[in-house]
Amino acid sequence: MIWENILIYFVVIPVLTLAGLAICKNIKQVRAVSVIGATVLMALGVYLLVEFLQLRAAGVADEMLFCGDWMWFEPMNIKLSLGVDGISVAMLLLSCVIVFAGVFASWNMDPLPREYFMWFWLLSTGVFGFFIAIDLFTMFMFYEVALIPMYLLIGVWGSGNKNYSAMKLTLMLMGASALLMLGIIGVYFHSSADGNLTMNLLEIARNNAIPHEWQYFLFPMTFVGFGVLGAMFPFHTWSPDGHASAPTAVSMLHAGVLMKLGGYGCFRIAIYLMPHAANELAWIFLVLTGISVVYGAFSACVQTDLKYINAYSSVSHCGMVLFAILMLNTTAMTGAIMQMLSHGLMTALFFALIGMIYGRTHTRDIRKMGGLMQIMPFLGVGYVIAGLANLGLPGFSGFVAEMTIFVGSFAHADLFHRVLTIMACTAIVITAVYILRVVGKMLYGPVHDEHHRTLTDAVWHEKFAVITLIVCVAGLGCFPNFFNEIIYDSFAPIIKALGAF
Amino acid sequence: MDYSQFLSMPQEIGLVAVFLLVFLYDTFMSKKVQNALPVFTCVVFGLFTIANVFFCEESCSIFGGMFENTQATVAIKAILNIGMLIVLIQSVKWANSEYMTVRRGEFYELLLITLFGMYFMISARHFLMFVIGLETASLPLAALIAFEKNRYESHEAAAKYMFTAIFSSAIFMMGLSFVYALSGSLYFSDIAAMIFGESSTLLIVALAFVIAGVGFKLSLVPFHLWTADVYQGAPTPVTGYLSVISKGAAAFGFMVILVQVFGSVYTVAWKWMMYALIVLTIILGNLFAIRQRNMKRFLAFSSVSQAGYIMLGVVAANEMGLASLMYYVLVYVLSNLAAFGVIGAIENKTGKVMMSDYDGLRSTNPWLSFAMMLAMFSLAGIPPFAGFFSKFFIFAGALSTGDVALYVLVLIALLNTIISLYYYLLVVKAMFINKPGENGAIETFKSACSERLAMIVCVLGIMLVGIVSCIYTYLVDAAETSSALFNIF
Amino acid sequence: MDFSYSYLVLVLPLITFLFLGLMGTRLSRKTAGVIGTAMMGVAAVIAYSVALEYFFGADQGQIVDGIRQQIIAWDLTWLEFTENLVIKVGFLLDPISAMMLIVITTVSFLVHLYSLGYMQDHEHKYEKGLQRYYAFLSLFTLSMLGLVVAPNIFQMYIFWELVGVSSYLLIGFYYTLPAAVSASKKAFIVTRFADLGFLIGILLLSFYTQTFDFITLTSNPTAAIATAGGATFMGCSVMAWALTLIFMGGAGKSAMFPLHIWLPDAMEGPTPVSALIHAATMVVAGVFLVARLFPLYCLEEGTMTVITVIGAFTAFYAAAVACVQSDIKRVLAFSTISQIAFMITSLGVARPELHEGVGYMASMFHLFTHAMFKALLFLCAGAIIHAVHSNEMSAMGGLRKYMPICNIAFLIGCLAIAGIPPFAGFFSKDEILVAAFEQNTFWGIWMMLVAGMTAFYMFRLYYKIFWWNNPDYGHHTPHDAPMTMSLPLIILSLVSIVAGLIPFGEFVSWNRADYHIHLNMTVAVSSVAVAVVAILLATKLYLKENSAPAKMANAFKGLWTAAYHRFYMDELYQFITHKIIFERVSRPLAWFDRQIVDGSLNGLANIANSASYAIRKLQSGSIQSYVYVYLIGALLLAAVTVICLI
Amino acid sequence: MDLTLLMYLIPSLIMFCCGVYGFITRKNMIAILISLELMLNAVDINFVVFNRFLFPGEMEGMFFSLFAIAIAAAETALVIAIIINVFRMAKNIDIRELTKMKF
């Protein structure tokens, strides 16, 4: 039975929460249901981690654990296939943490809290479903489930030029998923040489039957399809606008988890299934992602809206993820996953803080703020920590991730990779520039607006959200080897597939 | 003649029985119980629909092969029945309105007759049968379109429909005469055998005329121009009916004709003809839809572009294409009728049909806007709603041929889904995001039970038809039993 | 007893940092200060015991065949990049790290103590945010200790970054003052830029050698260099590039020209911080780095030349600028730059074959003595600033009457830095000059001149503060600092007097063998002579208020102004960052993003929209036109297909 | 002179074209209805002629014509009813006035 598989509960719990929310009467119940849902999910995530580690420790060396297949659409041999490896486990944990923090960050959502949380949970359902699935169809389905709630979340609860942003974001991401759909169906029809077509990732990889000329066509489709979600240049413009308009928790979830779907999909589908094209075409996308990294960082330097700064910073950091994935070696890919985790947590933290600050000052323009450190020390310190984590301070996750990426990228000794890597390295300096610029303008210095003196510091649920995230960021940064070991082994099949060519 | 042949067509007989019951009720029952006619029709037709699922004969071929029932025809007829039932339930309120009192019997009778015609379109394996079915299906529709006596638009729409329909059937029959000249037969299978290996100019012209004739019913660009005006002018239940049922039947019939009759010129001719038509249909349908502000007109253009997607199943020309086509029709029936259900409910209550009237609908009528949103998401192909699955399968169907050209076609279609998503989201935006206009949002009202029932059916369908995979599996089985259609490939 | 207890040296400051940082304002300011100081004291004691045990303790393999061994006290795997490239956090004990342990903990403890007195306002209340101040000090101490004991280059990089950030936080301690904020920002970004070079250098080095380990790298340097297999880039060997880039990181932290610009601005921080970070410890990290990798460096002649040239030029440049500054902390800052440049030059000219690598030893020796007397000078400056509430020389004068302890301490510092025997600076600087002469007479003379300038500007400073004139201090009569502040001054004065007599070479030398220092009388005498002449000149000019300095400034107006403005280096940077990076790169990129990238997408949407508008005429509403289109469509369909078939 | 296939087909084609032309150019709806009848009759002629000349042994074309005539009659009736309705509402039967719904 499907219910015997632990993984399915990552979808069941959000759906149940959704159902619970549907019958809620007032905001207290809504909060209670959401908190319960998020807590149970968190517990489940930790339980999964423990189980996973025990199995691995017991020497179970399967590529994926907790696998299960349930026939779904028999004529096309589409199965609901579940399974996780270390990477999925890490991503699931990340999602749990961010959903958990997101619930607290949207504590006082107004108006229509119930509807808000329902969409929020629908989005989460999609995210979790994506990470537990190992068949193309289910992954794609959950991927789209995760996208569409963004429209309403931004459109209804957003701020600023929200209609435009929401529409742009949805259309661009859906445009990407259009390419993706073509790619996935194409992969499906070439998944097997002997006519037993399949959607299961592992089987496709095992069959390794996609003809090379088709790989050249399908690889860009899938890579760009996921790459747009990973804010790859030049398809990143949905990100700044979208983030700027989205409400706090949505930005958190979006930058924290949803953008990770892009990176995860890129290597789980595009690279894993089409290693030949990945080897041959990687350079094109390396250039694009390399541009993303530097371009995002430079663009962030002159923005004045906090969320824009952070969105461009996300472009830069997510570009780093794709960049590392395309380096096609274990170390760099490990770095990419670390960067996903790290960026997810950091950006969520950032957006949470920005939301809290915006909720008080009602402006996100850094020119109109100043000296907030004196007024709201908790948020100020939180922001400084987030900033330092973002610019890659040792002890926080960003440093570990970036260093792993750089060491991995440096394993390529040719000039092309070297130049790109060094270019990407410069981003860490530029990151420092824009982060310190914001911190200096907004938090330090004399108080800019006397009205701000009356503002209050964070309240308990805000503190709770912020501290949760900071602890995770620092935990990842201080004990990286723990996470490293979880994910490190998972790359063996991919590297093997790549090496086979 | 062997009259027992009629027993092999239980669905048609059942439908005639329903028709007769409604007719008798209408004619002979007293004035007092006349008001119950709509409900009576719904119940009788509902029983018929259910019975249909359980008691349907296996494949048979009767009248010397002019009429054929296979599992696929049974399935598509069942799908149309479901759509019909929903339309019937939706129209109860409308049919009970004041000026309809004397004529509601006719309304139902005409509707049932058109469905009867469509049955014949679907099962016909002979062009005479097909033409009769086609005309039986389209003539009463003109009367239905003109049903709202006091509304000018209704008559303008009827006139537009009728004139263009006759014109197109003239073209269609002209094409048939050429086919007849080439093959000397009107049996599908005989024609196919006769024209095998031929690709004369006359055949191509005949093919183009046939495509134009049926393309008219499907509203493929450039044969679609009547669609928007007629949808806008017709009474809303009739629009719903036009947009899904007649389109579904025509799509199936179209596929049968193209595959069975003209299968031999698939690669040289009609694949590319359909290719062009699909591209035009999807793109122009979408472009027209962007600017529409009248909901019915908007859905008209949306249905034009949807027809393009349906045609992807035709152009695949294999079992999977057929199955995906039927599945798409089913999902399309549910989604579009959900949308028309909402539009009809609001129109019945307030007479408002503009998109701007829907501003802020969520705050006053959350359930209606919820149903509408689901309908829009399903039409746009957003998971986990049925529309996602139908789109996925229709694309997969088109790509299952492995033809590179079709990859390009699917890519074009996929990119167009972005435009379609845009305008579907406009409706969602109006309801959920926009602030009510100066006159305020449409006031809160309680829709009629019948409307709600229809909407619940549609909503459940939208949510479940995709995820519950046995439906698709069944349709694929059905399509595979019709593999005789694809002999020529 | 082995050295495993040495982890306490790192853990204690960490605990202090976390405790003070998390408890935050819940502690009273004074408690926080006392706790911080006490913990630092304990850490200092442990560090001393580790160092002393290393040098003098019972034999645990510290010395084998007369060579002091490098001992890894403990290590933990922190992160595995690949099988070979593993970062281990550990504790490497060798002569220089032991020496640094002593320097850091001593100065740090004294600064902690001093700050208890310094960080009070007029009413003797402790300053706001003192908890934060002590937390940051602990963080800094932790990072610096972690840096010097790093057994591998990556740990060093990690703590290197942490040092940078704690410096950032401390410079920006007065975060409400815009000057402090921008100074902290500048410091961080400039050093970060340098660290970029460091990072790339590490990546290159580790790629070829497949190790981060210092011991592996330096025990067989020739093999390590050879791993690159003669790979070259732009005409230089890759290893030379790697080492030069690593030196770039060091140059950033050690404020070598042209990456020195952050250091003078960093004086916006509290003065004890300047003493600790920007005089004694952090700024010598670059020197320490080069010393750490010295066996590799001395194999790459080109890199060594680069180091020498940069060091020698910086020494001169900073001394020249220091001669005309009017802010006492700025003078000290430039003097620091100049002195560190001495150490760098000394390393640059050191060769194992030249006089047993005296340059290496001299550099470390100078590092040690300089840490003491420069900390002393800064702390004195702090006491003075505390007394007169200004950094400007113009607000001072004649202070010798009011602040006798400070006066003497400052004088000792000045004598030490000027290289007057028997003060500490004399011995170490003498060795540097010897090393320079060994390499090349040109460098020897050059460095000797710079030493003379040093003596001049330090005595200019001294006279301007303590002599010169007697301004009216009003009712705020300056007075000597309280005991918490004076005690560190006294201790450091004593150290500055005697430190030169330590037989330093016996502890530290390039090959960790004994090295006996013997004065080269020629060099010693001539350098002392130069220094004395410079001091006399300064006395002549600045002992009493007179117009000679102003006249001189007028006579060389261009030069003087240029030097006063630090030869416009800041303006150059300002130009590059704001005008080039921001205006020419970032803004156009942002514009490009909005207009071109985004614009093209919006353009697509607009095209769809206008196409939609353009084709609306097709739907004219007229039945006849519908039929017309229908017919044309059908005929075209047929015609095109037929034509294509033919 | 023997009547050949072409001799029937040409008039039928002319009829059809006249019908199309009439449909597109006439204003009066009744006239358009007559044009439509011309087109349908042209089709009928085609079927009969093809049957008679090409496939004389069978009757399929003839039957088709018969049914087509019946259908055309039904259509005519319906169209006239609609025209009457339109006339009631709009007080004229000019087809160019039927353009309220467009774009």
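**Exercise 1. Which side chain meets Arg362(B) in a salt bridge?**

Solution. The model is predicted, so local features need pLDDT of at least 70 and side-chain atom pairs count only at pLDDT 80 or more, while totals for chains, interfaces and linings use all residues. Residues are numbered from 1 along each chain as its sequence is written, chains are lettered from A and ligands numbered from 1 in the order in which they are written, and side-chain values use heavy atoms, with hydrogens and water left out.

Step 1. A salt bridge is a side-chain nitrogen of Lys or Arg within 4 Å of a carboxyl oxygen of Asp or Glu. Arg362(B) forms one with Glu115(A), at 3.5 Å from N to O.

Step 2. This pair crosses between chains: Arg362(B) belongs to helix α15 (residues 361-364) of chain B, and Glu115(A) to helix α4 (residues 113-132) of chain A. Helices (H or I, at least four residues) and strands (E, at least two) are DSSP runs, numbered from the N terminus.

Step 3. Arg362(B) has a relative accessible area of 17% and is buried. Buried means under 20% relative accessible area, exposed over 50%, and partly exposed in between, with a 1.4 Å probe and protein chains only.

**Exercise 2. Describe two further salt bridges and the burial of their partners.**

Solution. Step 1. Over all chains, 26 salt bridges are found in the whole structure.

Step 2. Arg453(A) and Glu450(A) meet at 2.9 Å, N to O. Arg453(A) is partly exposed at 45%, whereas Glu450(A) is exposed at 52%.

Step 3. In chain B, the side chains of Glu12(B) and Lys77(B) form a salt bridge of 2.7 Å, N to O. Glu12(B) is in helix α1 (residues 10-28) and Lys77(B) in helix α4 (residues 71-95) of chain B, so the pair ties together parts 65 residues apart in sequence. Glu12(B) is buried, at 2% relative accessibility, and Lys77(B) is buried as well, at 0%.

Step 4. Lys168(A), Asp241(A), Arg594(C) and Asp598(C) are joined into one network by salt bridges that share partners.

**Exercise 3. Which residues form the nonpolar patch and the negative patch on the surface?**

Solution. Step 1. Patches are made of residues with over 30% relative accessible area and no salt bridge; like charges are joined within 9 Å, and nonpolar side chains (Val, Leu, Ile, Met, Phe, Trp, Tyr) within 5 Å. Accessible areas come from the Shrake-Rupley method with a 1.4 Å probe.

Step 2. The nonpolar patch consists of Ile456(B), Leu460(B), Met463(B), Leu464(B), Ile467(B) and Val468(B), with about 480 Å² of accessible area together. Leu464(B) lies in helix α19 (residues 449-464) of chain B and is partly exposed at 44%.

Step 3. The negative patch is formed by Glu485(A), Asp489(A), Glu80(C) and Glu83(C); Asp and Glu count as negative, Lys and Arg as positive, and His and the chain ends are not counted. The place of a charge is taken as NZ of Lys, CZ of Arg, CG of Asp or CD of Glu. Glu485(A) is found in helix α20 (residues 480-488) of chain A.

**Exercise 4. Characterise helix α17 of chain A, then chain C.**

Solution. Step 1. Helix α17 (residues 397-409) of chain A has 13 residues and reaches 18 Å from its first C-alpha to its last, close to the expected 18 Å. The expected span is 1.5 Å times one less than the number of residues. In α17(A), 13 of 13 residues are buried.

Step 2. Chain C contains 25 helices and six strands, and 62% of its 646 residues count as buried.
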